[in-house]
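Please find my notes on this model below. They are set out as numbered points, to be read alongside the coordinates.

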Amino acid sequence: MYPSVELVTAFLFVGCYLSFGLSIATVKWLFFSSILVVLIVTDYRERILPDGRQLVRCRPGHSLAIRVPPADGIARMLLGRQFGRALPQWGAGVLDAILGALLCGGLLWAAAILYKLVRAAMEWGLAT
């Protein structure tokens with residue numbers, strides 16, 4: 001398993017370099033690519049994503065969202081025109097990070113709630 005993980009990580013790193021060149025955006029995407037590899041392998045092996053591993057990465061993630069905002073993020077598209085002026089660079093990065101966390105985390109939270117409801121309904125149906 002480890003050689004394949006290293007190979008995938010190497011391909012992700014090369015892809016980041018080819019996409020962004022030698023820049024701070026490359027560092028940002030290398031960081032997030034590494035996080036994704038760790039989370040995917042952890043989830044595959046242990047079937048759980050420990051909060052400790054996720055929370056450790058929040059602070060650097062927020063720092064990168066402020067310092068290296070996306071050039072074409074959803075926040076700028078949704079809210080840039082609404083306020084009549086462009087969002088500041090750091091504001092767009094933070095808003096994109098929040099929207100991403102709400103969307104991805106919200107989908108996982110909704111799936112967990114739906115699972116519990118379906119499971120409770122099935123248990124209730126079997127009990128009667």
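1. Salt bridge. This is a predicted model, and it holds one salt bridge. Arginine 119 pairs with glutamate 123, and their closest N and O atoms are 3.4 Å apart. Both residues sit in helix α6, which runs over residues 89-127. They are four residues apart, about one turn of the helix. An α-helix has 3.6 residues a turn, so positions three or four places apart point the same way.

2. Overall fold. The protein has six helices and zero strands. Along the sequence the pattern reads α-α-α-α-α-α. Of the 128 residues in the protein, 20% are buried.

3. Length of helix α2. This helix covers residues 24-46, 23 residues in total. At 1.5 Å a residue it should span 33 Å.

4. Ends of helix α2. What caps the N-terminal end of α2? Serine 23 does: one of its side-chain oxygens lies 3.4 Å from the backbone nitrogen of alanine 25. At the other end, α2 is followed by arginine 47. The phi of arginine 47 is positive, near 60 degrees.

5. Buried positions in α2. Which residues of α2 are buried? They are Ala25, Thr26, Lys28, Ser33, Ile35, Val37, Leu39, Val41 and Thr42.

6. Aromatic pairs. The count comes to three aromatic pairs. In one of them, the rings of phenylalanine 20 and tryptophan 29 have their centres 6.2 Å apart and their planes at 5 degrees, so this pair is stacked. Phenylalanine 20 is partly exposed at 38% relative accessible area. Tryptophan 29 is partly exposed too, at 37%. Phenylalanine 31 and phenylalanine 32 also pair, but edge-to-face. Their centres are 5.5 Å apart, with 70 degrees between the planes.

7. Aromatic cluster. Phe20, Trp29, Phe31 and Phe32 form one aromatic cluster. Phenylalanine 31 has a relative accessibility of 24%, so it counts as partly exposed. Phenylalanine 32 is at 27% and also counts as partly exposed.

8. Phenylalanine 31 in context. This residue is placed in helix α2. How far is its C-alpha atom from that of leucine 64? The two C-alpha atoms are separated by 9.4 Å, while the residues are 33 apart along the chain.

9. Surface patch. Val14, Tyr17, Leu18 and Leu22 form a nonpolar patch on the surface. Together they have about 500 Å² of accessible area. Tyrosine 17 lies in helix α1, residues 2-20. Its relative accessibility is 47%, so tyrosine 17 counts as partly exposed.

Note on methods:
Residues numbered from 1 in each chain as written. Predicted model: local features only at pLDDT ≥ 70, side-chain atom pairs only at ≥ 80, totals over all residues. Heavy atoms only, no water. Salt bridge = Lys/Arg side-chain N within 4 Å of Asp/Glu carboxyl O. Helix = DSSP H or I, 4+ residues; strand = E, 2+ residues; numbered from the N terminus. Expected span 1.5 Å × (residues − 1). Buried < 20%, exposed > 50% of the residue type's maximum accessible area, 1.4 Å probe, protein only. Polar contact = N/O pair within 3.5 Å; in protein donor to acceptor, adjacent residues only side chain to side chain. Patch = residues over 30% accessible without salt bridge, like charges linked within 9 Å, V, L, I, M, F, W, Y side chains within 5 Å. Areas by Shrake-Rupley, 256 points an atom, 1.4 Å probe, with all protein chains shown as cover. Phe/Tyr/Trp six-rings, centres within 6.5 Å; stacked < 30°, edge-to-face > 60°.
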